[in-house]
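Biologist: I am new to this model and would like a close look at one part. Please take me through the aromatic rings and their surroundings.

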Amino acid sequence: MLSVDEAQEQLLAAIPVLALEEAPILEALDRVLGHDAHADLDLPPFTNSAMDGFAVLAADTAGASADSPRRLPVVGYIAAGDPGTTPLSPGTAVRIMTGAPLPPGADAVIPIEQTRPLEDAVDLLAAVSGGDSVRYAGEDVRRGQRVLQAGALLRPGELGLLASLGYARVPVHRKPIVAILSTGDELVDIGKVPGPGQIRNSNAAMLASQVLRAGATPQMLGIARDTREAVHAALDAGRGADLYVSSGGVSVGDFDVVKQVLTERGSVDFWRVNMRPGKPVAFGRIDGIPFLGLPGNPVSAFVTFELFARPVLRKMAGHRLRYRQPIPVVMDDRVPSANTRRHFARAFARWEQDGWHASTTGAQESHLLSSTVVANALVIVPEGSADIAAGERAAALLLEWPESL
Ligand code: AMP
Ligand code: MG
């Protein structure tokens, strides 16, 4: 039997990072930058005004106050978008808008709120210093500077920076395509009413949405009956994928046609992982494509996806952090130990003034999908440890932020 950590380590060691592609900037969201990004110009590109007001020479404002204003003639007007090349002469002011280029000769902007504008002049009600309300060219980013390193996660802020540097297309790691296969004679499509002994194929929709949440693209292979031909045909249909994820048919000890086909067609190991729910997980390659076989029980499939498939997809997509980082929670209720196995209990975690708290979401048997419904966390009871009592601390994997529930 493998520990969860050993299984994760072995699995990820066999997974390649996918190649790069140029994606339109919006398709780069939540993906990983493939090359260092450099600035093609200064940011800001030119020295400009941080305020609506008047461009001045700071020295001309010396001693100005509300009680003894300083009057300057207003000789021009510069809006955002103007080239702003006309120089400012000492002893004059120019009306200027936020983002407009500072005219040569000016060294400060006095905000409109500190002035009293007149017909062709302005009364300055305060003194300003050189550099006040001025944004200098290159003070954010210098032309040629590396602004992001390969491996950076691209969130809205990073994309904004790349957009300002002209990256209409962004080099990113390819999104993994995940072929999702359900196996079992008892399964029917979700649009059908199950006959006697049948159940709906709920795992495919669940796993596909986990694939989407993990930033990858699902490819639905449908249901393969428990026959050699059906399993072969389904695998054939997934040939273009980066990863197969199946559910069902990999239980340890059982004779199963799925296992037989996998063994013949590729090199697949059937692992017993020291965890609950989950335990049987298959991993290997089929036609050169990594294959991950998850248990059929919906909750086991859900949890093993989070622990094994998600890190695989994150590695493929170039993420450096592949695993969720546990957070400390204080339990509201008891979390039973799974004895010698590591227990992942479905729970709802929420933030309170003194930190994170969590409650389990009901019965924890692996066929009870309803307890995943309001769960946003998996509370970990380490292998060999006793029950976690109400009021005790535990580590939890946060699947979703609580505001979404
Ligand atoms: P197996 O791993 O094939 O022995 O399946 C274990 C349990 O999971 C059985 O009760 C199956 O009916 C159920 N199961 C298997 N595949 C699915 C699926 N795609 N959707 C829902 N339940 C499933
Ligand atoms: Mg089965």
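**Aromatic rings**

Modeller: Phenylalanine 283 counts as buried, at 9% relative accessibility (buried is under 20% relative accessible area, exposed over 50%, partly exposed in between, with a 1.4 Å probe and protein chains only). This is a predicted model, in which local features need pLDDT of at least 70 and side-chain atom pairs count only at pLDDT 80 or more, while totals for chains, interfaces and linings use all residues. Residues are numbered from 1 along each chain as its sequence is written, and side-chain values use heavy atoms, with hydrogens and water left out.

Tryptophan 271 is also buried, with a relative accessible area of 9%. Across the whole structure, a search finds four aromatic pairs (ring centres within 6.5 Å, using the six-membered ring of Trp; planes under 30 degrees apart are stacked, over 60 edge-to-face, the rest tilted). The planes of tryptophan 271 and phenylalanine 283 stand at 50 degrees, so this pair is tilted, with the ring centres 5.8 Å apart. Tryptophan 271 belongs to strand S18 (residues 266-272) and phenylalanine 283 to strand S20 (residues 280-286), so the pair joins distant parts of the chain, 12 residues apart (strands are DSSP runs of E, at least two residues, numbered from the N terminus).

An edge-to-face pair is formed by tryptophan 351 and tryptophan 356, at 5.5 Å centre to centre and 70 degrees between the planes. Tryptophan 351 is exposed at 56% relative accessibility, whereas tryptophan 356 is buried at 13%. Ring pairs link Trp351 and Trp356 with Trp401 into a cluster.

Note on methods
Chains lettered and ligands numbered in written order. Helix = DSSP H or I, 4+ residues; strand = E, 2+ residues; numbered from the N terminus.
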